[in-house]
Amino acid sequence: MQGMGLILNQVSLMAIFAFCGFLLARNKLLSRQGLEDLANLLITVLSPATILNAFAAIHIERKILVNVAIVLTGALLSLLLPIFLSSFFLRHEDEDSKAVYRFALTFSNCGYIGLPMIQALVGIEGVFYGSLYTSLQTIFMWSYGVKVMSTERLKGKAFFRSILKNPNNIAVLIGFFFMISQLKMPFLLSSALQGFSQTLAPVSMLILGGQICYYDLADFWKKGKLYKICAFRNLLLPLALLLPSLLLVPNRLLILAYVLPTACPIAMNTALLSILYRRDVQLAVQLVTLSTLLSALTLPVIAALCCLPG
(Lines give C-alpha, C1' and ligand atoms only; values in the text may rest on other atoms or scores of the structure.)
Protein backbone atom coordinates (compact mmCIF):
# COMPACT_ATOMS: atom_id res chain seq x y z
CA MET A 1 0.00 0.00 0.00
CA GLN A 2 2.88 2.34 0.79
CA GLY A 3 4.37 1.74 -2.65
CA MET A 4 1.00 2.34 -4.32
CA GLY A 5 0.56 5.61 -2.44
CA LEU A 6 4.04 6.77 -3.44
CA ILE A 7 3.39 6.03 -7.10
CA LEU A 8 0.13 7.96 -7.05
CA ASN A 9 1.87 10.83 -5.27
CA GLN A 10 4.66 11.03 -7.84
CA VAL A 11 2.26 10.74 -10.79
CA SER A 12 0.02 13.41 -9.24
CA LEU A 13 2.96 15.79 -8.83
CA MET A 14 3.91 15.22 -12.45
CA ALA A 15 0.31 15.95 -13.47
CA ILE A 16 0.32 19.22 -11.49
CA PHE A 17 3.55 20.40 -13.13
CA ALA A 18 2.24 19.41 -16.58
CA PHE A 19 -1.06 21.18 -15.96
CA CYS A 20 0.83 24.37 -15.09
CA GLY A 21 2.70 24.09 -18.39
CA PHE A 22 -0.59 23.54 -20.21
CA LEU A 23 -2.11 26.66 -18.62
CA LEU A 24 0.94 28.77 -19.45
CA ALA A 25 0.80 27.68 -23.09
CA ARG A 26 -2.99 28.06 -23.29
CA ASN A 27 -2.71 31.66 -22.05
CA LYS A 28 0.11 32.41 -24.53
CA LEU A 29 2.68 32.81 -21.75
CA LEU A 30 4.72 29.89 -23.07
CA SER A 31 5.19 29.77 -26.85
CA ARG A 32 6.49 26.92 -29.00
CA GLN A 33 9.82 28.75 -29.19
CA GLY A 34 9.75 29.13 -25.41
CA LEU A 35 9.23 25.38 -25.03
CA GLU A 36 12.17 24.71 -27.34
CA ASP A 37 14.33 27.13 -25.32
CA LEU A 38 13.31 25.37 -22.10
CA ALA A 39 14.17 22.00 -23.67
CA ASN A 40 17.61 23.34 -24.61
CA LEU A 41 18.13 24.65 -21.06
CA LEU A 42 17.13 21.28 -19.63
CA ILE A 43 19.39 19.28 -21.97
CA THR A 44 22.46 21.54 -21.65
CA VAL A 45 22.32 22.65 -18.00
CA LEU A 46 19.76 20.94 -15.75
CA SER A 47 20.27 17.39 -17.00
CA PRO A 48 24.13 17.48 -16.85
CA ALA A 49 23.94 18.94 -13.33
CA THR A 50 21.60 16.14 -12.24
CA ILE A 51 23.86 13.48 -13.78
CA LEU A 52 26.96 14.88 -12.09
CA ASN A 53 25.15 15.15 -8.77
CA ALA A 54 23.94 11.52 -8.99
CA PHE A 55 27.34 10.04 -9.92
CA ALA A 56 29.17 11.96 -7.21
CA ALA A 57 26.77 10.59 -4.59
CA ILE A 58 27.59 6.94 -5.40
CA HIS A 59 30.18 5.32 -3.12
CA ILE A 60 31.26 1.83 -4.18
CA GLU A 61 32.90 -0.47 -1.62
CA ARG A 62 34.88 -3.59 -2.51
CA LYS A 63 32.77 -5.89 -0.34
CA ILE A 64 29.64 -5.20 -2.40
CA LEU A 65 31.21 -5.50 -5.87
CA VAL A 66 29.38 -8.81 -6.54
CA ASN A 67 26.04 -7.14 -5.83
CA VAL A 68 27.04 -4.19 -8.03
CA ALA A 69 27.86 -6.61 -10.86
CA ILE A 70 24.45 -8.33 -10.53
CA VAL A 71 22.55 -5.02 -10.69
CA LEU A 72 24.59 -3.72 -13.62
CA THR A 73 24.05 -7.00 -15.50
CA GLY A 74 20.29 -6.76 -15.00
CA ALA A 75 20.31 -3.10 -16.03
CA LEU A 76 22.37 -3.87 -19.12
CA LEU A 77 19.96 -6.61 -20.19
CA SER A 78 16.99 -4.24 -19.72
CA LEU A 79 18.61 -1.81 -22.17
CA LEU A 80 19.97 -4.25 -24.73
CA LEU A 81 16.77 -6.31 -25.08
CA PRO A 82 14.56 -3.47 -26.41
CA ILE A 83 17.41 -2.20 -28.60
CA PHE A 84 17.69 -5.65 -30.17
CA LEU A 85 13.94 -6.25 -30.54
CA SER A 86 13.14 -2.78 -31.92
CA SER A 87 15.54 -3.31 -34.82
CA PHE A 88 13.25 -6.15 -36.02
CA PHE A 89 9.73 -5.05 -35.12
CA LEU A 90 9.91 -1.41 -36.23
CA ARG A 91 11.38 -1.93 -39.68
CA HIS A 92 8.26 -0.76 -41.51
CA GLU A 93 7.79 2.50 -39.59
CA ASP A 94 8.75 5.85 -41.10
CA GLU A 95 12.03 7.31 -39.85
CA ASP A 96 10.53 9.87 -37.45
CA SER A 97 8.15 7.39 -35.81
CA LYS A 98 10.83 4.69 -35.68
CA ALA A 99 13.24 7.00 -33.84
CA VAL A 100 10.62 7.95 -31.24
CA TYR A 101 9.44 4.35 -30.74
CA ARG A 102 12.99 3.01 -30.34
CA PHE A 103 13.87 5.64 -27.76
CA ALA A 104 10.59 5.14 -25.89
CA LEU A 105 11.02 1.35 -25.77
CA THR A 106 14.54 1.60 -24.40
CA PHE A 107 14.49 4.33 -21.76
CA SER A 108 12.32 4.77 -18.65
CA ASN A 109 11.60 7.59 -16.22
CA CYS A 110 13.56 5.69 -13.58
CA GLY A 111 15.04 8.63 -11.69
CA TYR A 112 11.91 10.58 -10.80
CA ILE A 113 9.59 7.64 -10.08
CA GLY A 114 11.82 4.58 -9.61
CA LEU A 115 14.32 5.79 -7.00
CA PRO A 116 11.75 7.35 -4.59
CA MET A 117 9.71 4.16 -4.75
CA ILE A 118 12.76 1.95 -4.10
CA GLN A 119 13.64 4.13 -1.10
CA ALA A 120 10.12 3.78 0.30
CA LEU A 121 10.16 -0.01 -0.11
CA VAL A 122 13.69 -1.02 0.96
CA GLY A 123 15.50 2.10 2.21
CA ILE A 124 18.73 3.87 1.34
CA GLU A 125 20.64 0.69 0.42
CA GLY A 126 18.15 0.10 -2.38
CA VAL A 127 18.63 3.68 -3.59
CA PHE A 128 22.36 3.03 -3.94
CA TYR A 129 21.78 0.02 -6.18
CA GLY A 130 18.98 1.78 -8.06
CA SER A 131 21.38 4.65 -8.77
CA LEU A 132 23.61 2.19 -10.60
CA TYR A 133 20.73 1.49 -12.99
CA THR A 134 20.08 5.19 -13.61
CA SER A 135 23.80 5.79 -14.19
CA LEU A 136 24.03 3.06 -16.81
CA GLN A 137 20.85 4.28 -18.51
CA THR A 138 22.30 7.79 -18.58
CA ILE A 139 25.36 6.55 -20.48
CA PHE A 140 23.18 4.71 -23.01
CA MET A 141 20.72 7.58 -23.36
CA TRP A 142 23.33 10.17 -24.28
CA SER A 143 25.14 7.90 -26.71
CA TYR A 144 22.79 5.36 -28.32
CA GLY A 145 19.70 7.47 -27.58
CA VAL A 146 21.13 10.60 -29.18
CA LYS A 147 22.24 8.59 -32.20
CA VAL A 148 18.69 7.21 -32.61
CA MET A 149 17.05 10.63 -32.31
CA SER A 150 19.55 12.69 -34.26
CA THR A 151 18.73 13.46 -37.89
CA GLU A 152 22.45 13.68 -38.68
CA ARG A 153 23.93 10.34 -39.66
CA LEU A 154 27.42 10.71 -38.23
CA LYS A 155 29.80 7.78 -38.42
CA GLY A 156 33.16 6.81 -36.97
CA LYS A 157 35.21 9.63 -35.49
CA ALA A 158 32.56 12.26 -36.21
CA PHE A 159 30.01 10.29 -34.17
CA PHE A 160 32.35 9.82 -31.21
CA ARG A 161 33.30 13.50 -31.31
CA SER A 162 29.62 14.45 -31.18
CA ILE A 163 29.15 12.13 -28.16
CA LEU A 164 32.11 13.62 -26.31
CA LYS A 165 30.91 17.16 -27.01
CA ASN A 166 27.49 16.45 -25.50
CA PRO A 167 27.31 18.18 -22.06
CA ASN A 168 25.53 15.17 -20.57
CA ASN A 169 28.34 12.82 -21.54
CA ILE A 170 30.90 15.31 -20.20
CA ALA A 171 28.95 15.21 -16.92
CA VAL A 172 29.05 11.38 -16.99
CA LEU A 173 32.85 11.38 -17.40
CA ILE A 174 33.42 13.92 -14.63
CA GLY A 175 30.93 12.15 -12.37
CA PHE A 176 32.55 8.78 -13.08
CA PHE A 177 35.90 10.25 -11.98
CA PHE A 178 34.40 11.42 -8.67
CA MET A 179 32.68 8.05 -8.18
CA ILE A 180 35.85 6.01 -8.73
CA SER A 181 38.22 8.33 -6.88
CA GLN A 182 35.74 8.88 -4.02
CA LEU A 183 36.78 12.53 -3.91
CA LYS A 184 34.28 14.91 -2.35
CA MET A 185 33.03 17.88 -4.34
CA PRO A 186 33.41 21.35 -2.84
CA PHE A 187 30.32 22.17 -0.78
CA LEU A 188 29.36 25.18 -2.90
CA LEU A 189 29.53 23.21 -6.15
CA SER A 190 27.62 20.29 -4.63
CA SER A 191 24.89 22.64 -3.38
CA ALA A 192 24.58 24.28 -6.81
CA LEU A 193 24.25 20.89 -8.52
CA GLN A 194 21.57 19.80 -6.05
CA GLY A 195 19.67 23.02 -6.68
CA PHE A 196 19.73 22.47 -10.44
CA SER A 197 18.79 18.80 -10.13
CA GLN A 198 15.70 19.64 -8.05
CA THR A 199 14.32 21.69 -10.96
CA LEU A 200 14.72 18.92 -13.56
CA ALA A 201 11.38 17.15 -13.02
CA PRO A 202 9.21 20.31 -12.75
CA VAL A 203 10.74 21.89 -15.86
CA SER A 204 10.46 18.69 -17.90
CA MET A 205 6.78 18.34 -16.99
CA LEU A 206 6.12 22.02 -17.76
CA ILE A 207 7.46 21.30 -21.24
CA LEU A 208 5.28 18.21 -21.58
CA GLY A 209 2.18 20.14 -20.49
CA GLY A 210 2.96 22.94 -22.92
CA GLN A 211 3.35 20.46 -25.77
CA ILE A 212 -0.01 18.88 -24.91
CA CYS A 213 -1.59 22.31 -25.42
CA TYR A 214 -0.07 22.74 -28.88
CA TYR A 215 -0.86 19.25 -30.20
CA ASP A 216 -4.16 17.46 -30.73
CA LEU A 217 -4.19 14.52 -28.33
CA ALA A 218 -7.94 13.87 -28.46
CA ASP A 219 -7.68 10.73 -30.58
CA PHE A 220 -4.58 9.10 -29.14
CA TRP A 221 -6.69 6.82 -26.88
CA LYS A 222 -7.80 5.00 -30.03
CA LYS A 223 -4.28 4.23 -31.33
CA GLY A 224 -3.55 0.56 -30.71
CA LYS A 225 0.16 0.97 -31.50
CA LEU A 226 0.63 3.26 -28.50
CA TYR A 227 -0.86 0.66 -26.15
CA LYS A 228 1.44 -2.04 -27.56
CA ILE A 229 4.55 0.12 -27.00
CA CYS A 230 3.41 1.05 -23.48
CA ALA A 231 2.53 -2.57 -22.64
CA PHE A 232 6.04 -3.65 -23.61
CA ARG A 233 7.72 -0.78 -21.76
CA ASN A 234 5.57 -0.89 -18.59
CA LEU A 235 4.86 -4.62 -18.23
CA LEU A 236 6.38 -7.14 -20.65
CA LEU A 237 10.02 -5.99 -20.42
CA PRO A 238 10.14 -5.91 -16.58
CA LEU A 239 8.40 -9.31 -16.44
CA ALA A 240 10.95 -10.75 -18.88
CA LEU A 241 13.68 -9.66 -16.47
CA LEU A 242 11.83 -10.53 -13.29
CA LEU A 243 10.84 -14.15 -13.91
CA PRO A 244 14.36 -15.57 -14.46
CA SER A 245 15.73 -13.26 -11.74
CA LEU A 246 13.41 -14.77 -9.14
CA LEU A 247 15.03 -18.14 -9.87
CA LEU A 248 18.66 -16.99 -10.21
CA VAL A 249 19.07 -14.08 -7.78
CA PRO A 250 18.34 -14.88 -4.10
CA ASN A 251 18.58 -11.24 -2.93
CA ARG A 252 15.19 -9.59 -3.59
CA LEU A 253 16.62 -6.13 -2.94
CA LEU A 254 18.96 -6.49 -5.92
CA ILE A 255 16.10 -7.65 -8.15
CA LEU A 256 14.03 -4.64 -7.11
CA ALA A 257 16.96 -2.32 -7.91
CA TYR A 258 16.98 -3.14 -11.63
CA VAL A 259 13.47 -4.49 -12.34
CA LEU A 260 11.50 -1.62 -10.79
CA PRO A 261 13.36 1.12 -12.75
CA THR A 262 12.75 -0.94 -15.88
CA ALA A 263 9.01 -0.92 -15.13
CA CYS A 264 8.84 2.87 -14.84
CA PRO A 265 6.98 4.79 -17.58
CA ILE A 266 8.58 6.03 -20.78
CA ALA A 267 11.31 8.61 -20.21
CA MET A 268 10.39 12.30 -20.44
CA ASN A 269 13.48 12.77 -22.61
CA THR A 270 11.55 11.01 -25.39
CA ALA A 271 9.55 14.24 -25.79
CA LEU A 272 12.46 16.57 -25.06
CA LEU A 273 14.81 15.06 -27.64
CA SER A 274 11.96 14.92 -30.15
CA ILE A 275 11.70 18.69 -29.78
CA LEU A 276 15.46 19.16 -29.99
CA TYR A 277 15.96 16.95 -33.06
CA ARG A 278 12.68 17.82 -34.84
CA ARG A 279 11.19 14.33 -34.58
CA ASP A 280 7.48 13.48 -34.20
CA VAL A 281 6.83 15.51 -31.04
CA GLN A 282 3.10 14.72 -30.95
CA LEU A 283 3.78 10.97 -30.98
CA ALA A 284 6.41 11.36 -28.24
CA VAL A 285 4.06 13.38 -26.01
CA GLN A 286 1.29 10.80 -26.52
CA LEU A 287 3.59 7.93 -25.53
CA VAL A 288 4.92 9.66 -22.41
CA THR A 289 1.42 10.69 -21.30
CA LEU A 290 -0.18 7.26 -21.81
CA SER A 291 2.72 5.32 -20.29
CA THR A 292 2.76 7.56 -17.20
CA LEU A 293 -0.97 7.12 -16.65
CA LEU A 294 -0.77 3.32 -17.08
CA SER A 295 2.17 3.09 -14.66
CA ALA A 296 -0.21 3.84 -11.78
CA LEU A 297 -1.66 0.37 -12.47
CA THR A 298 1.40 -1.61 -13.62
CA LEU A 299 4.11 -0.42 -11.20
CA PRO A 300 2.43 -1.75 -8.01
CA VAL A 301 2.06 -5.17 -9.66
CA ILE A 302 5.74 -5.33 -10.59
CA ALA A 303 6.80 -4.05 -7.15
CA ALA A 304 4.71 -6.71 -5.41
CA LEU A 305 6.19 -9.47 -7.60
CA CYS A 306 9.74 -8.23 -6.90
CA CYS A 307 9.10 -8.58 -3.17
CA LEU A 308 7.87 -12.19 -3.34
CA PRO A 309 9.67 -14.30 -0.71
CA GLY A 310 12.45 -16.50 -2.06
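Which helix of the protein chain has the lowest mean pLDDT, and which the highest? Helix α7 (residues 156–165) has the lowest, at 69, and helix α4 (residues 95–106) the highest, at 94.

**View 1. Confidence along the predicted chain.** This is a predicted model, in which local features need pLDDT of at least 70 and side-chain atom pairs count only at pLDDT 80 or more, while totals for chains, interfaces and linings use all residues. Residues are numbered from 1 along each chain as its sequence is written, and side-chain values use heavy atoms, with hydrogens and water left out. The pLDDT is the predictor's confidence in each residue, from 0 to 100. For the protein chain it averages 84, and 91% of the residues score at least 70. Helices (H or I, at least four residues) and strands (E, at least two) are DSSP runs, numbered from the N terminus.

**View 2. The largest pocket and its lining.** Here about 1,200 Å³ of space is found in the largest pocket. Thr50, Gly111, Tyr112, Leu115 and Leu200 are the closest to its centre among the 42 lining residues. A pocket, on a 1 Å grid over the protein atoms alone, is an open set of points where a 1.4 Å probe fits, with protein on both sides within 12 Å along at least five of seven lines; lining residues have an atom within 4 Å of a point. Grid points are joined across faces, edges and corners, and the volume is the space filled by probe spheres set on the points. Helix α6 gives the most to the lining, with eleven residues. By type, the lining holds 23 nonpolar residues, 18 polar and one charged. Ala, Val, Leu, Ile, Met, Phe, Trp, Tyr, Cys and Pro count as nonpolar, Asp, Glu, Lys and Arg as charged, and the others, Gly among them, as polar.

View 3. The structure holds four salt bridges, each a side-chain nitrogen of Lys or Arg within 4 Å of a carboxyl oxygen of Asp or Glu. In one of them, glutamate 36 meets arginine 278, with the closest N and O atoms 3.1 Å apart. Glutamate 36 belongs to helix α2 and arginine 278 to the loop between α13 and α14 (281–306), so this pair ties together parts 242 residues apart in sequence. Another joins lysine 225 to glutamate 93, again with closest N and O atoms 3.1 Å apart. Lysine 225 sits in helix α11 (residues 224–248) and glutamate 93 in the loop between α3 (65–89) and α4, 132 residues apart.

View 4. Lysine 98 and glutamate 95 form a salt bridge with closest N and O atoms 3.7 Å apart. Both residues lie in α4, three residues apart, about one turn of the helix. Lysine 98 counts as buried at 18% relative accessibility, whereas glutamate 95 is partly exposed at 47%. Buried means under 20% relative accessible area, exposed over 50%, and partly exposed in between (1.4 Å probe, protein chains only). Nine of the twelve residues of α4 are buried, so the helix is largely enclosed by the rest of the structure; among them are Val100, Tyr101 and Phe103.

**View 5. Two loop residues with positive phi.** Most residues other than glycine have a negative phi. Lysine 28, however, has a phi near 65° and lies in the loop between α1 and α2. Lysine 28 is exposed, at 69% relative accessible area. Arginine 278 has a phi near 60°, and it is exposed too, at 55% relative accessibility.
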